[in-house]
Amino acid sequence: MEGKKIRVLIAKPGLDGHDRGAKVVARALRDAGMEVIYTGLRQTPEQIVETAIQEDVDVIGLSILSGAHTHLFPKIMELLKENNIEDIVVIGGGVIPEEDIPELRKVGIAGIFTPGTDTHDIIKFIREKVK
Amino acid sequence: MLDKEEMKKIKQLKKEWENNVVQKTLERFPERKNKLVTGSGKEVERLYTPVNLEGSDYNKELNFPGQYPYTRGVQPTMYRGRFWTMRQYAGFGTAEESNKRYKYLLDQGQTGLSVAFDLPTQIGYDSDHTMSLGEVGKVGVAIDSLKDMEMLFNGIPLDKVSTSMTINAPATVLLAMYIAVAEKQGISPDKLKGTIQNDILKEYIARGTYIFPPAPSMRLITNIFEFCFKEMPLWNTISISGYHIREAGATAVQEVAFTLADGIAYVDAAIKIGLKVDDFAPRLSFFFNAHNDLLEEVAKFRAARRLWAKIMKERFGVKNEKSLMLRFHTQTAGCTLTAQQADNNIARVTIQALAAVLGGTQSLHTNSRDEALALPAEDSVRIALRTQQVLAYESGVTETVDPLAGSYYVETLTNEIEKQALEYIERIDKLGGVTQAIEKGFIQQEIQNSAYQYQKDIEEGKRIVVGVNKFKINEGSPKGLLKVNPEVGRKQIEELKKLKEERDNYKVKENLKLLEKAAKTDANLMPLILDCVKSYATLGEICDVLRSVFGEYKESVKL
Amino acid sequence: MEIVEKITNGDRRAAAKLITLVENNFNQAQEILKKLYNYTGKALVIGLTGPPGSGKSTVTDKITKILRGQGKTVGIIAIDPASPFTGGALLGDRIRMQDLSLDKGVFIRSMSTRGHLGGLSQATQATVKILDALGKDIIIIETVGVGQSEVDIVKVADTVVLISMPGMGDDVQIIKAGIMEIGDIFVINKADKEGCERLATEIEMMLDLNQNSRWRPPVLKTIATDNVGIKKLLEEIDRHIKFLKESGELEQRRRDSAKKEIFDLIREQWKEILSTFIDNGFLDKIVTKIVKREEDPYTAVEKLSSILVHSYTQGGIKNDRKD
């Protein structure tokens, strides 16, 4: 229990109000011993990045089901870059079509977890990426 | 019902059957699990017999369709007279594109319209707002002004179709737009048939597209009740929703409990501002989920009807029998559909739709197979519609009313769900009502706990999802998914600019000012919103006025 | 030192990273904190504690907005309980403070109650110093206040505000856990709820019993969500600070706080020393003896202490005692 805590920011960018998945993932990460900061609905990219800075998180998990990921995810990655942040692992989940994934990977999203994902896979992924 | 002696005999014979016949079988092969449960986790017995219903009273608990307590249905002839309305929720991109989809669906035999608005519209933002970037037209149609609404219903006679609009926080504005479009078609409001969802409480609980805080939101909702009572007698003023609560992870019992609790809150709010319950209650409607467990869902619908009737009679003392009837729309459960082997979803939707029909729904939306991947492609939504048509025309379940009544299992489940839902309602009462319960996070926590348990059950293999944690295959990428034109946002912004140049901006400003003034009093805002809408004030402009007076809601999250 | 310079120049990222270091590797952080110390001492520290649901975060949010209006910068440490089983935590206080997340004059850090090598108290006190050095005029420590360790943290503050609300069932929950004595200001939030007057009376009665203090804590009523009573709360905080300064109590509190910090640090240091000298095998043997009733715990510890002192004076670890 002691030792380096993995801190994760779970964020819902944009107007999408479906938070069942985000809350289930947040709880699963908490049960896996991580510190999870959940900031609720309607987060702007600016809010997400500023929160990530102040909370010095290791991971940002973005949950979005509205199709607005094509605009919002790259915007968030852009802001992280502007702030010279290179060591935060950014992952995403929700309704994200497979064909959009390569573009998202290109801008630096480390992993996309679509419907049917087992939370243990997310936990494993985070533990591997955060060293 | 059977008399005491017969019951005793059956009890005894059942015991003997279990000790001898069943025991022998169990020794050869045990049952699949130690405990078998319904979709909601309720334990299911091996066998149900008349003994489970000992002491039941047909006339009191079931009675006849169209008669209190309406367990068997709200209409005497149900589908023998008319099938449920086949009403597919649809909308995406621009008004023009959605208009095309609506015409297609009506052509294919759908019998009512159901409008899906995009998130900016649902949250009262115009397409050019910063929060709208990337969201315009993605989950529904973008409506910024009356101009878009006119396009949406272009060529669709509003006196011939009934329209359901899934809009909540800015419901007054969209309803006003609908009325204005009808007027332009020469149709008076009293001829209009349809439903406006207008259910803000479930937004706070489970759906998230709120704008204003609870008190002013209730005011807007009761404004609609009052306005429609006078001007639109054929219009359903609210669709008190359990669908989204279930989608957020609630169990069947919680779905009924929280939905009816919301209903109680709305009735209370309307009475508080001076409306007579029998004036508005007949036009309240409901919206439920049709989940996987066929028989539990059927029982749930019947329990909801009976419980609501009792609540209206005993708690609110209604005199008009129409006030007792729970009429509802159903949507099959989106959360149960998978991205993996998506065609299997057609089978899931069929079972869920069957549950809704056996449960006596008044109207039905069936999800498309690509639900977990995108908005429905044309061929996918056609299959979903055909599913309803097959059920209606080929399955035979429509030929008699409430066919599952009398099933020992279904009646037992109906009784249990009613009982447990009532217990929840009493707990909420103790907390001070739904608004208090939401503020304290009680309802949200119950739902979150169920959602978490559901996920754990899947991950531990206790709950099987075919294609996801069993019977997996290696799949290629899905093909033929609907893609929303990425230019929609840009187009809407251009149109908005044009609109603002072409309209009478002085008139708009005046109307908005009048609205602001009235919002600070307790006047009914519908007439003023109608004026704003007709002068082509945008949705965002109108909602910003209301925001300035009412403030914005701050989420209450209890993790 | 580079990081010190960054922090004193207002670099939020550097401050955030140092806070993380404090939580994960205090020994390393300590070296930086030494250098940072001279840049601290300007900030006023407000402790805010109350049971879950009482509206602490909302009160914090509203107070901060008024302070910002007055041109002051604010640091907020929001502490939430961690799971005793997994050590993980869900930190959700920020949700109530959404508007502040883009205000560069506000720095919010969420912290859990567990998993701090060195204890929560130590981590919090260090974080206060970091935010102080970052230039924050006011630092608010917000805790749930149901555990003893959280009560300890609040003692680090200059002004302690206890928040309660009517109708919690256990109306005077704050009387428990010895929290009453540390309150400088009592706030009844959600004051529009039933039972407010009764609760206020009960608190006043409890305060009547403690007549020796020179400061009579005011009992305020707020409805934080509607911004009612918040200005008054800030005025009372100001009045309390003034009282502290004029009466010399501020100096005394700072002395108490420093003393407490010394003991917190020493306790943690010696715990660490103990673990370097006594490996788990040895400790296990002692535990077995105790459980088997072969030795009582008091004698066992006496023996341990003398072993420790003996090893220490033999010069096993760094011995930099400077007078």
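Which residues does Met312(B) touch, not counting residues up to four places away in sequence?

**View 1. Surroundings of Met312(B) in a predicted model.** In this predicted model, Met312(B) touches Val267(B), Val277(B), Ala281(B), Gly317(B), Val318(B), Ser323(B) and Leu324(B), when residues up to four places away in sequence are not counted. Met312(B) itself belongs to helix H12 of chain B, which spans residues 294–315. With a relative accessible area of 0%, Met312(B) is buried. Leu326(B) stands 14 residues from Met312(B) in sequence, and the C-alpha atoms of these two residues are 9.9 Å apart in space.

**View 2. The contact between chain B and chain A.** On the two sides of this contact there are 39 residues from chain B and 33 residues from chain A, and the two chains bury about 2,900 Å² between them, with 55% of that area on carbon and sulfur atoms. Within chain B, the residues that lose the most area to chain A are Met131(B), Tyr452(B) and Glu459(B), which together account for 22% of what that side buries. Across the interface there is 1 salt bridge, in which Glu99(A) is joined to Lys483(B) with the closest N and O atoms 2.9 Å apart. Polar contact links 15 residue pairs between chain B and chain A, both residues being at pLDDT 80 or more. Among the helices of chain B that each supply at least two residues to this side are H7 (201–207) and H17 (442–459), and H17(B) gives the most, with 7 residues. By class, the side of chain B that touches chain A holds 22 nonpolar, 9 polar and 8 charged residues.

**View 3. The contact between chain C and chain A.** Here chain C and chain A bring 32 residues each to the contact, burying about 2,800 Å² between them, of which 46% is on carbon and sulfur atoms.

**View 4. Strand pairing and elements at the side of chain C.** Strand E2 of chain A, residues 35–38, runs parallel to E3(C) and is joined to that strand by 3 bridges, with Leu90(C) as the bridge partner of Val36(A). Across the interface of chain C and chain A, 24 residue pairs are in polar contact, both residues being at pLDDT 80 or more. Helix H2 (12–24), strand E3 (89–91) and strand E4 (106–112) of chain C each supply at least two residues to the side that touches chain A, and H2(C) gives the most, with 7 residues.

How values were computed:
Residues are numbered from 1 along each chain as its sequence is written. Chains are lettered from A and ligands numbered from 1 in the order in which they are written. This is a predicted model: local features need pLDDT of at least 70, side-chain atom pairs count only at pLDDT 80 or more; totals for chains, interfaces and linings use all residues. Side-chain values use heavy atoms; hydrogens and water are left out. Contact means heavy atoms within 4.5 Å. Buried area is the accessible area (1.4 Å probe) that two parts lose on being put together, summed over both. A polar contact is a pair of N or O atoms within 3.5 Å; within protein, one must be able to donate a hydrogen and the other to accept it, and residues adjacent in sequence count only if both atoms are side-chain atoms. Helices (H or I, at least four residues) and strands (E, at least two) are DSSP runs, numbered from the N terminus. Two strands pair if DSSP finds at least two bridges between them. Buried means under 20% relative accessible area, exposed over 50%, partly exposed in between (1.4 Å probe, protein chains only). A salt bridge is a side-chain nitrogen of Lys or Arg within 4 Å of a carboxyl oxygen of Asp or Glu. Ala, Val, Leu, Ile, Met, Phe, Trp, Tyr, Cys and Pro count as nonpolar, Asp, Glu, Lys and Arg as charged, and the others, Gly among them, as polar.
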